[in-house]
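Here are my notes on the side-chain contacts, as you asked. Please read them with the structure open.

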Amino acid sequence: MAFLPKGKKADLVNVCEELGENVPSNSRVPDIKHIILESKNFNEAAVQIMLDRIIGERLEEAEAERQQLEHEAERQRLEREAEQQRLEREAEAEQRQIELQRLEIRRLELQAVPAATTPPGRTEEVHHKIPLAQITPKFDEKKDEMSLFLVNFERRAEMARVPREEWVVYLLHVMPPEISNMLARETAENANNYDYVKELVLKKYK
């Protein structure tokens with residue numbers, strides 16, 4: 001029969017079982033076909049429909065298994081990516097925290113260095129001419145306008161001869177604590193960049 005060759009051995013065995021025929025375990029494909037054709041229940045049209053159904057079910061099962069494997073592989077890939085992103089976020093947060101701690105330590109060191117311990121000829125490098133912390137009031141959200149406050153802060157920083165790379169340290173000293181928390185979410189490079197910090201602060205208080 002022309003339709004029998006399209007079935008695999010397992011398909012033909014299933015046809016035999018549905019016809020009520022036993023198939024010896026050592027049977028080959030030609031032997032199984034012979035069993036089908038010689039079955040007392042053989043009907044060409046019915047067997048063809050039966051074989052098509054069995055093949056279709058096998059293909060559907062194979063496709064379902066393939067899709068399941070793909071879905072599982074995709075799920076594992078997404079889990080790996082999520083874990084990698086989590087680790088990267090934790091590492092970045094830790095680095096930002098370390099940088100903020102470094103800035104705070106630097107600020108405290110600058111405030112703690114007495115003028116008497118400053119090496120001769122390096123007074124302005126280690127100890128500013130005017131202590132900036134003493135001439136810069138803390139920002140008052142109820143009374144101060146942030147843009148004007150920053151203008152005054154910058155003028156005082158220049159007057160105190162504070163290096164621009166240290167402005168962020170002193171600015172945090174007079175800003176509300178939430179500004180430090182906001183910078184903790186930034187990269188270390190951005191957290192040290194006064195212009196970048198200034199832009200963030202102005203956006204927050206606009």
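Predicted model: local features only at pLDDT ≥ 70, side-chain atom pairs only at ≥ 80, totals over all residues.

1. Aromatic pairs overall. How many aromatic pairs does a search of the whole structure find? The search finds five. Two of them are taken up next.

2. F139 and F149. These two rings form an edge-to-face pair. Their centres are 5.2 Å apart, with 75° between the planes. F139 sits in the loop between α5 (132-135) and α6 (146-159), while F149 belongs to helix α6, so the pair ties together parts ten residues apart in sequence. Both partners are buried: F139 has a relative accessible area of 9%, and F149 has 8%.

3. F153 and W167. This pair is also edge-to-face. The centre-to-centre distance is 6.4 Å, and the planes make an angle of 85°. The cut-off matters here: ring centres must lie within 6.5 Å to pair. F153 is in helix α6 and W167 in helix α7 (residues 167-174), so parts 14 residues apart in sequence are tied together. F153 is buried at 1% relative accessible area. W167 is buried too, at 3% relative accessibility.

4. Ring pairs join F139, F149 and Y205 into a cluster. Y205 also has a charged neighbour: K204 lies over the face of its ring, 5.8 Å from the ring centre.

5. Where is E186 placed? It is in the loop between α8 (177-183) and α9 (188-191). E186 is buried, yet it has no salt bridge. The nearest side chain of opposite charge is R185, at 6.3 Å. A salt bridge needs the nitrogen and the carboxyl oxygen within 4 Å.

6. What E186 does contact. Its side chain makes a polar contact with the side chain of Y196, at 2.7 Å. Leaving aside residues up to four places away in sequence, E186 touches R96, Y196 and L200.

7. Salt bridges overall. A search of the whole structure finds 16 salt bridges.

8. R75 and E79. Here the closest N and O atoms are 2.5 Å apart. The two residues are four apart in helix α3 (residues 44-112), which means that about one helical turn separates them. R75 is partly exposed at 36% relative accessibility, and E79 is partly exposed at 45%.

9. R86 and E90. This salt bridge also has its closest N and O atoms 2.5 Å apart. Again the residues are four apart in helix α3 and separated by about one helical turn. R86 is partly exposed, with a relative accessible area of 32%. E90 is partly exposed as well, with 41%.

10. D195 and R164. The closest N and O atoms are 2.6 Å apart. D195 is partly exposed, at 43% relative accessible area. R164 is partly exposed, at 40% relative accessibility.

11. Salt bridges with shared partners join E18, R53 and E57 into one network.

Technical notes
Residues numbered from 1 in each chain as written. Heavy atoms only, no water. Phe/Tyr/Trp six-rings, centres within 6.5 Å; stacked < 30°, edge-to-face > 60°. Buried < 20%, exposed > 50% of the residue type's maximum accessible area, 1.4 Å probe, protein only. Lys NZ or Arg CZ within 6 Å of the ring centre and 35° of its normal. Lys, Arg positive; Asp, Glu negative; His and termini not counted. Polar contact = N/O pair within 3.5 Å; in protein donor to acceptor, adjacent residues only side chain to side chain. Contact = heavy atoms within 4.5 Å.
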